[in-house]
Amino acid sequence: MAVGKRNARKGAVGRADLVRLLTLFPNHPPEQIASFLGYDYTPTEAIVEEPPRLPDTPEEQETAEKQTPELQSPWFWHIVKRERFSSDKPGDIPPEEMPPAVPTHLPDMKGPVPEFSPLVPWVRLWPLLRDIVAGHLYSRQPDEAEAVRLLSRGEHLVDIPRKKRKAWSARLHILVDCSDPLIPFWDDFYMIIQGIMRHVGKNSLTVSCAEFGPLNGTFDLRTGEYVPFSSFPVELPCLIFSDCGVYSTREMREQWEEFGRLFSRRGCKPAIISPVPQRLVQKNIANLFRVVCLDDHAPVRFTSSGANPSMVPADAGDSTPSESLLALCSPAVRVEPQLLRAVRRLLPEADVGTEGMAWNHVDVEPNPLAFSFKTSGENSHETLRKKFATLPKCLRKAADKLINLYHSGLPAEVQLEERLTQYTLRLSDNPNLPVPQDVLQYLQWLGERSEEVVEPGMLKAWVRRMGHRQLSELKRETPWAKPLKKVVAAAFAEELRSAQSHKIPPLVSDDDIEALEESAPSQAKDWILVQEGEKLLFKELGNFDRGCPFGVLPAKRIVEVVLPKQHASYTLSNGFSISLPRQETISIVSSEESLTLGSMQKPKWADSIVQNAKGLYATLPLNDSKIKWVLPSDLKRIYLEQTGEVPEALGLLRWGLSPSYDEVRPVGDYDEYFGLVSSQEHARWVNISQLEKFSGKKLPDVSWAVAEGIDQYGLYADLRIKGIIQRMRWIHPGTFLMGSPESEPERDDDETQHGVTLTRGFWLADATCTQELWEAVMENNPSKFSGEPELPVEKVSWKDCQDFCQKVNALLPNIRLTLPTEAQWEYACRAGTETPFSFGENITPEQVNYAGTSPYAGGQKGLYRGNTVPVKALECNQWGLYQMHGNVWEWCQDWYGEYPTSSVVDPSGADSGGDRVLRGGSWILNGRHVRSACRLRVVPGYRDHNTGFRFSLGR
């Protein structure tokens, strides 16, 4: 319905009255109500939305899929590693490191500071400068050529022509870019202007400044007025000092380009003295101005070309040299332009562009005198100092000398703070380096100020700033730093005593709080780490109502948060939160332990992943096993709380994720359940369901293994044969249906389904025997497909496999290698499933290497590789066994025989016969032959390029 107001008195009724009446009288004709209020009623057609048209062709479907936004898989945070700290406390300061007496004041350490060192000395600059602003004077020498020219034209010589010579122009206009990014080059500009003034005189110069860009007007230093470009004296020689926005923003670069175009329209091309290397000069600027690069790494001359404007980023180029320069300067409290230049000249690859980028780096805070480092950010002061420790020792030593030299005129507090930092950084080279006496005196002097910094004032403000500059290494195992920590804790007393969370210097620890309050050592309490969206929350026990918990951290009051390029300390309170950086690791450090956290999406092997109040869980396809991401110690605690005992198999979790086969066992503390353990433990996926099957049972013998453990698939042990590692999987005893039901498509008549019970577990290789392992044992390779060591060995007969097992048994007398029985093979292949394949009702070539052009039961056609693939190239089944379907046929130990019609226990095949059994199908066969129930009977001497084997460990 559409309504329109007729000519009526304004304000009598409105649309709100119309809506109210239509609501009160829904059965009354709407046109009468509209007419009663003075509105015209116009019926409108109902808008019917058409359903979206589905794509008809494959091309349209592909286009639609590309246009459909892909759903982002969620990220789940979890504990990666836990490290427990020793309870040992650092002792007192050794007597030999104690200063003789606590000084009442710091000594006067002021000394001479080096003179200004220009980028390019005047003697190299003035010839080019004179050409830029050249004028002409008549000399006393007669110009014979000019006289001959005049006489030849019949002109009378009134005066004898004199020769001209170059000279400084009588009038000159200078424009100086005074923007903040050029602060480190102001002294260079001033030196050049003073040199020109000596030659042309002060009255011949007109100097103006552009502080906010040339198009925003220039400030005439003589008149004190802003001058627009329209009043710019273009008839005079013009010399500009600027970077043309290279160290500034894109907008500033565009402003200088427009400024050059204004000159060009007037027929002028002024010269620019630019403290920028040629590699960063923009092409447009080089075309509009005559650019002279003020760079001590290059000759003084005009630049003929420049970089493409689109290739010059806002930070003006490669950041690695500038960050190395900042790292060399990081022991300093502040960095002046001259110190920055002196340190920059230590780096052979650093030019003037490195100097400019370092001054304007996003992680420094510059002012007209110097810049200071930010205490947080991607390259914080702490991060840069850690990078300093990785630089060559000769560079570090030279940088320390320059810092001490250029800061010899600063107060003693600043110099001694820098000496303390330099000493702390040198400890990485020599941990036994004695503390310098002047540093010890400085620390003792600081300790005596702890009562003074409680009151607001300049001293407290300085100590708070100084505390954030200190290295976190001083927090532990540095008894000589106790006075420093004491005074910093006093300066942050309000934050430390507050019940709210505050950012504090990493230097301060829980011990400093207890010392500040003169209280007995407090006990750490457990804090629950909770993920809530993109935030990590710290919750007290019993005060957790929402979110996903994934760990517990014992802590007192202070935790350190360590990101890849950021480090900060905070006081804890209930509900304190920090942002979680996706796809990065984060460390949470308390006085008791350190937790390393990471984020993950659903693993490729998992069917699903979920995080709830009990932890992070995953599931396997067609399998109900409970798989949990867990730390071994947490799993031990869970079992103790629930059952009062710990499964013996839990001890297999102590050896970490990446075992070193050259070490017998790690060395660490002794644990009642774990034996020898390290102070570090790594979390991993653990198949809890498989672990629970060991409850009340004895573990299988793993004395032959070089490493063993439990992962998402269950128990594994690594067997070393001739230096080659073969992972073995423990297959638990159980009952299953062997063969295929009559309803299964494309089954054979010899697959009578019957119950089978295996009363004993067994070890089975997680993959078929590789060519590398076969060659190491048998010293030959019969395979047709070769070239990769991880390809399966093929063209081996049943008898060849027996020879292989006998040789290995002779090498390793404590094991008995054999082929699995047919029942064991099918039990392991099915991995708890009853479908034709362990992957489900059908398969694809992405799961199984078979003739994908001949699919199973009318399935979709796919890739036919025509050869074998590496034994672990495709995904494994739910028990961690690779390529039980396809790739190569696998020999079994049994004689071939007819299946029984009733249930059996531990079958071993027929008592005798003429054929042995092959299972699993191969790369050359169609889908029906790679089913779990498919059988093949051949003579024991049969060899082909699609027959291989996987071995088991017998009793």
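**Entry 1: surface and overall build**

I began with the surface of this predicted model: the chain exposes about 46,800 Å², and 51% of that area comes from carbon and sulfur atoms. I then looked up burial and found that 51% of the 955 residues count as buried. The chain holds 24 helices and 43 strands. I also checked contacts between residues at least 6 apart in sequence, and 68% of them join residues at least 24 apart.

**Entry 2: helix 15**

I turned to helix 15, residues 437-447, and noted that eight of its eleven residues are buried. Among them are Val439, Leu440, Tyr442 and Trp445. Which helices do the buried residues of helix 15 pack against? I found helix 14 (412-426), helix 16 (458-469) and helix 17 (482-491).

I traced an open sheet of six strands in the order 31-32-33-36-43-37, with antiparallel pairing. Strand 31 (707-710) and strand 37 (817-818) stand at the edges; each has a single partner strand, so one side of each lacks a neighbour in the sheet. I followed strand 31 to strand 32 (residues 715-721) and recorded four bridges between them. Glu708 has Ala717, in strand 32, as its bridge partner.

**Entry 3: salt bridges**

I recorded 38 salt bridges in the structure. Side chains of opposite charge can pair when their charged atoms come close.

Arg345 forms one with Asp296, the closest N and O atoms being 3.0 Å apart. Arg345 lies in the loop between helix 10 and helix 11, and Asp296 in the loop between strand 12 and helix 9, so the pair ties together parts that are 49 residues apart in sequence. Arg345 is partly exposed, with a relative accessible area of 37%.

Arg344 pairs with Glu355, the closest N and O atoms being 2.7 Å apart. Arg344 is in helix 10 and Glu355 in helix 11, and both residues are buried.

Arg931 and Glu744 form another salt bridge, with closest N and O atoms 2.6 Å apart. How far apart in sequence are the parts that this pair, Arg931 and Glu744, ties together? I noted 187 residues. Arg931 is buried at 0% relative accessible area, and Glu744 is buried at 7%. Finally, I found that salt bridges with shared partners join Asp188, Asp296, Arg341, Arg344, Arg345 and Glu355 into one network.

**Entry 4: cysteines**

I found zero disulfides in the structure. Cys805 is in no disulfide, and the nearest cysteine sulfur, that of Cys801, is 6.9 Å away. Cys805 is buried, at 3% relative accessibility. Cys293 is also buried, with a relative accessible area of 7%.

Methods: Residues are numbered from 1 along each chain as its sequence is written. This is a predicted model: local features need pLDDT of at least 70, side-chain atom pairs count only at pLDDT 80 or more; totals for chains, interfaces and linings use all residues. Side-chain values use heavy atoms; hydrogens and water are left out. A disulfide is a pair of cysteine sulfur atoms within 2.5 Å. Buried means under 20% relative accessible area, exposed over 50%, partly exposed in between (1.4 Å probe, protein chains only). Helices (H or I, at least four residues) and strands (E, at least two) are DSSP runs, numbered from the N terminus. Contact means heavy atoms within 4.5 Å. Accessible areas come from the Shrake-Rupley method with a 1.4 Å probe; for residues, only the protein chains shown count as cover. Two strands pair if DSSP finds at least two bridges between them. A salt bridge is a side-chain nitrogen of Lys or Arg within 4 Å of a carboxyl oxygen of Asp or Glu.
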